[in-house]
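Dear colleague,

Please find below the structure that I am handing over to you, followed by an account of what was found in it.

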Amino acid sequence: MLTLLALVLATAPHDTLRRGLAPYWQQRVAYDIAARLEEPLGVLRGSERIEYVNNSPDTLRSFSLHLHLNAFRPGSRWSDSDSTEGRRRFNDLKDPDYAYNHVSNVRIMGQPVTAIYPLAPDSTIVRFQLPTPLAPGDSMVVETDWDARVSTVARRQGRKGRHYDFAQWYPKVVVYDRYGWEEHALVPAGEFYGEFGNFRVQLDVPKDQVLGATGVPVCGDPGWAAANQTPSRPVQYGVEAYPSIRDQVSGPAAGENGACAFTNFPNPAIPVGYKRVLWYAESVHHFALSMNPEYRYEGGAYKNTLVHVLYRPGDEKTWGDGIAVKRTETALQWLDQLYGPFAWPQLTNLHRIDGGGTEFPMVIMNGSASQGLIVHELGHNYTMGILANNEWREGWLDEGFTSFQTTWFGETTGQKGGYEDNEAGVLDLDLGGWSEPVSLVSDKYSDFVIYNQMIYSKGELFLEQLRYVVGDSVMHEILQTYYQRWQLKHVDGAAFQAVAEDVSQMDLSTLFGQWLHGTPMFDYAVGRVRRQRQGDGWVTHVEVVRKGDGMIPVDVAVIGETDTAVVRTDGMAPRAWVTVPTRSEPRVVLIDPSVRTHDWNMLNNRYRFVLIGKRAPPSANYLDTWFTEKESRDRLERGLMPTIWYNTAGGITVGFRARENYLGMFEQNQLLMSYSLGAPGDDANVQELDFFARVKNPVWLRSPNQSERLEAFRTEGRWGGLLGWERTQQEHLTFGPKWTQGASLRMVNIDNTAFLDPQQYIDVGIAELMTTLGVKTRSGKWQLGGRLNLGGGLVFDRDGLASVQPNLDQFYFRGEIEGTARRQLAKKLTFAGRLYGGVAAGAHTAAKQRQIYLGSSDPFEQLYNPFLRSEGALLVIDDVPYQAPGGGGVRAADFRISGPAIIAANVELERTMLLRQKSKLFSRVSVAAFGDAAQGIGGPAQPTTGAALGFVADAGLGVRASHRIGKTSFLTRFDFPIYLSEPEFSRNDFARNQAFDFRWLFSVQAAF
Ligand SMILES: [Zn+2]
C-alpha cells in the first residue's frame, strides 16, 4: 500500500501534489471594539466582541489572544532579550511609563473563562480553554473587557504628551493555521501575523484629538477638516468604499459630531468634552490607531485609494506642502504597477513618535517622510498587509520583499549602488561566517542584528538573485501572479516558489533551497580554455569550475577583438564545458561579467589569450595616498606609492611601495623596495638596496575570521622574516566578548650595526616564537581589554648559537600581560586605566632589543616604521620627542630605557572640549590629566644613565585631537609630563635635572 502510494506520488505533477495534499484555508474573524481614551492617564479602556469562524479541518479546544503591549514592560521576553543584547529600554520603566494590555471578564460562548499565560512571566499571549470544542465549520463569540496603555519609551508604539501611537492596542486573535495556534511572544526579532477580518470600531476621544487609523471613518469627526492645511482640497472620508456599512450606522455623516452608533453595539453615553468616531474596515488583519491634537492634515489620492497624511508641527517643510502626499502617491503608483491595484480604500501616512517606520494595514507610521521609507513601509501594505505572511516564521517574505522592491524603485529613479552595496554587505557577513538561513523562525536567530541582516538584506539579495535568474519581465510577471493568486490570504515561501516556477517554467528548487535554507558560498572559476576557428568566426570552449557549494546560473563572456558573446550555464555541475561563438578572435574569457552571482572570489574568473599571465587576477593600479586604501568587488586593487625617509646611516632613503588587497580582506600583500643614498662623510655611510615583502590572507587560505601572514625583509642592517597566524572569535557580531588568539615565529638578524642605536640593539640574531591571547568586552559602562603574550626565543650571533656574548643566555622567556579599562564618568568626562606587567629574561638577561621598555614599544614593534626603527630617524632624534606607546607606558621616559621586568599602572582622565562629529580634520578635541607609575624588577636595568631601574612615576596634562583623512582615523596627542620622579630618565634632554620641569612629547597614537 505504501509502495503504491509512493509510486502515485512520484508520478503526480508536483504542483497538483502540493495543492492537492494541503488545500488552503484560513479562519475568519469579525471584531466589534468600543474604546474610550482616558486623559491625562493615557489609558484606553475598551470592550471587544469577536465572532470567530473555524474554517480549519480541526476541532478547536482552546483560543488565544495577543496582548502585544505587554512586551513593552519590565520582565517581558522582549525586555529581557533587549537587556541581553545590550539595549536597555523597557526593563527599567516604572509605572506609569511602561505599556500594558489587560483582559478581564472574558466570556466565550457566553460562559466565563480563565486566562492562562502559557509563556509566563511573559504575558503577550493569553490562552483560554473553550467551554465546548469548536467543530470545523462552526463559529463562536468571544467577549472581553480590557484596558491598554502605550509606553513613554517609543518602540513601534508609544506616547509623548498627548500624542499616542496605539499601534497594537487591543486583544488580537492569534492565527490558527496548519501549524496550530501561532502563539509567539512579541520579541524584538519577529513582527506580526493576523487573521483577516472586518472591524467595527467605536472610539470616544477628547474633542480636539486628530485621529489616523486603519479603515474609514463612517460617523463622527476624526479631526481632519479642522487640521486640513490645503483648504482648496476638501477632506474626503471614503465612506462610499463600504456601501454595506450604511445600514449598520446611525448618526451624522463622517466629519460631523453627534450621537454615532453601530447597530447591535455597546452604546454608552459620550462623556462631556469627548467626541465619538466610528471606523470600519474590511479584510484586514490588524487595526492600527494613532492620535495627536497637533496633527496637521493633508489629503490626496491615487486611483481609487485616498491618501491621508498626518504630520506634526515643525514638519511643514519636510512633510507639508504636499510633499508627503506626493511621495505616498508615488509609492502607491510604483506598487500598483509592480503588483496590481491596492486592495483597500485608503492609506494613512503619519509621523509617529519613534524613528524608523512600521507598517499596518492602511496605515504606515513613519519617523520621516523620506521617499525610500515611504516606499518601504507602503510596500509592506502589499507584502505583509495584503500578501499576509507569518512574520515570525518567514520574516524575509515581508522585509526581504519590501527591501527588494524599494531598491528596485530606487533603481528606476536613478539611484546607484542599491544592488552592489547590499551584495557587498551580505558578502561580508557570509565571509565572516555570520550568516544564518534567510528563512528561519525569527526568534531562532542568534541575535536581533543577525535576524535583521538576514531577513532584510539577505532576503533582498535572494530576490535580486531570482530576478537575475529569471530576468526583469518574468520577475514582474511573477510578482503580479503572486498578488493575483494570494491577495488577502496567508502566504508562505512555498506558495511564492510555486508561483515563481509556474510563471518562469523553471525548476527553482536549488535557488530557493540554498538561499533560503542554507548559507552557501559561491565561487566559479575559469578552468581549461580552448579556442578554434570555425567557418568565418571562432568558437571558444570554456570549462566553468564550481569551487563553492553554492549553485546559480552563471554567464560566460568571451570578449573578441571586435565583438563579445555571452552564454549562460546552469552552474550546477562541479565542472561544465560551455561553447561560446564569436565573430572575431577571442581575447578574454570572463565568468560572471555583470557580477551578479554573489561569487566571493572574482580573482579566478578571467582568462586571457596572452603569452604570460593568462590567469593573472584582474587588477587595477592606483596612486596610493596612504590614507585611503581602495577595494573592489571584482578585482585586485594595487596602490602604488613613492616613499622617502631619513636615518643617520642610510641618509635620505627613497623607495617605492605597492600594496594590494581584494575586498579589503584578502591578498593584503605588500612589496616595498628602498635604496639608501648614504651619508657621505659620515662613518656610518651605508648605501644599500632593501626590501620588505608580505603575503597576507591569500584567497586560497580563506577561513572565516582567520588571518595568515608571511613576511621577509632586509631592512636597514637587519634581515629576517615572520610567519604569523591570528584568529578572532566572537559569539555575537555586535556585542559580547571578542577573543583573539595568535601565534607567530619571527627571526631578526643583524648584518650591519651602522643603522642601529646601541642602546636599543646588541649585535645578535633572534628567533622568537610568540603566542597571543586577547579579549575585548563591555561590562556595564566599562569597556575592558586584556592581552597576554607568552613566548620565548633563541639568541645567536654570526658564529652560531654557542658563541653568544657573555652574560647573555641563548634562550630567553618573554611574557607580557596587560589590562585596560575605560568608562564614561559624565557626559564629557572619560576615565581610562591600564595595568601592565612584562618580563624578558633567561638565567641572566635578554638581548637589549627584547627587553621590557619603560615608556615605549620595543624595537621589534618599531621594525615596520621607517620613522622609528633606525638611529637618527625622524621620530627618534632628540629634538622631536615622539612616544610610540607600549611597555611600561611611562611616557616622560626616554624610549631607550629597558629592564628585565617591569610592572606599571597608567591612568588618564579626559575631558572633551569640542565635539564636531561631522568635521573630519578635527572631530574631537580634549584635554587630559594623566599619571604613569612603574617599578623595575630584578637584574640590571639598562637605562641611558647606567642607574638601576627602580620606581619611576610621571604626571602631567595633555591635549588630544581626533582626525579623519580618507578612510584613516587617527589622533594627535601632546603630553606635558611636568613631573618625573627620576628626571635623569627624561625623554627631553633639557629637563634632566629636577623632578618638576617643563617637558613635552607627542604621538599619533593613544597612550593606551
Ligand atoms: Zn520593513
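Strand 14 and strand 19 (residues 289-291) run antiparallel and are joined by 3 bridges. One of the bridge pairs is formed by Ala213 and its partner in strand 19, Leu289. Please note that the model is a predicted one. Both strands belong to an open sheet of 4 strands, in which the order is 8-9-19-14 and the pairing is antiparallel. Strand 8 (158-160) and strand 14 (211-213) form the edges, each of them pairing on one side only. On average, neighbouring strands of this sheet are turned by 5° against each other, direction ignored.

The metal site may be of interest for your set-up. Three residues coordinate the zinc ion at 1.9 to 2.1 Å: His376 and His380, each through NE2, and Glu399 through OE. The spacing of these donor residues in sequence is H-x3-H-x18-E. Helix 6 (residues 371-386) holds both His376 and His380, which are 4 residues apart, or about one turn of the helix. Are these two histidines, His376 and His380, buried or exposed? Both His376 and His380 are buried.

Turning to the nonpolar cores, the largest comprises 178 residues, and Tyr52, Phe63, Trp169, Trp396 and Phe496 have the most contacts inside it. Helix 9 (residues 448-470) contributes the most to this core, with 12 residues. There is also a second, separate core of 37 residues, whose members include Trp645, Val804, Ala840 and Phe860. In soluble globular proteins, nonpolar side chains tend to be buried together.

Some backbone features also deserve attention when the model is prepared. Most residues other than glycine have a negative phi, and most peptide bonds are trans. The peptide bond from Glu39 to Pro40, however, is cis, with omega near 5°; Pro40 is in the loop between strand 1 (28-38) and strand 2 (43-53). A cis peptide bond also leads from Ala120 to Pro121, with omega near 10°, and Pro121 is placed in the loop between strand 5 (111-112) and strand 6 (125-134).

Positive phi values are found as well. Met109, which is not a glycine, has a phi of about 55° and sits in the loop between strand 4 (100-108) and strand 5. With a relative accessible area of 27%, Met109 is partly exposed. Trp626 has a positive phi near 75° and lies in the loop between strand 34 (619-623) and strand 35 (636-647). Trp626 is likewise partly exposed, its relative accessible area being 43%.

With kind regards

Terms used:
Residues numbered from 1 in each chain as written. Predicted model: local features only at pLDDT ≥ 70, side-chain atom pairs only at ≥ 80, totals over all residues. Heavy atoms only, no water. Donors = N, O, S within 2.8 Å, 3.2 Å for Na, K, Ca; no water. Helix = DSSP H or I, 4+ residues; strand = E, 2+ residues; numbered from the N terminus. Buried < 20%, exposed > 50% of the residue type's maximum accessible area, 1.4 Å probe, protein only. Pairing = 2+ DSSP bridges. Axes fitted to C-alpha atoms, helices over the stretch in contact; angles between N-to-C directions. Core = buried A, V, L, I, M, F, W, Y, C linked by side-chain atoms within 4.5 Å.
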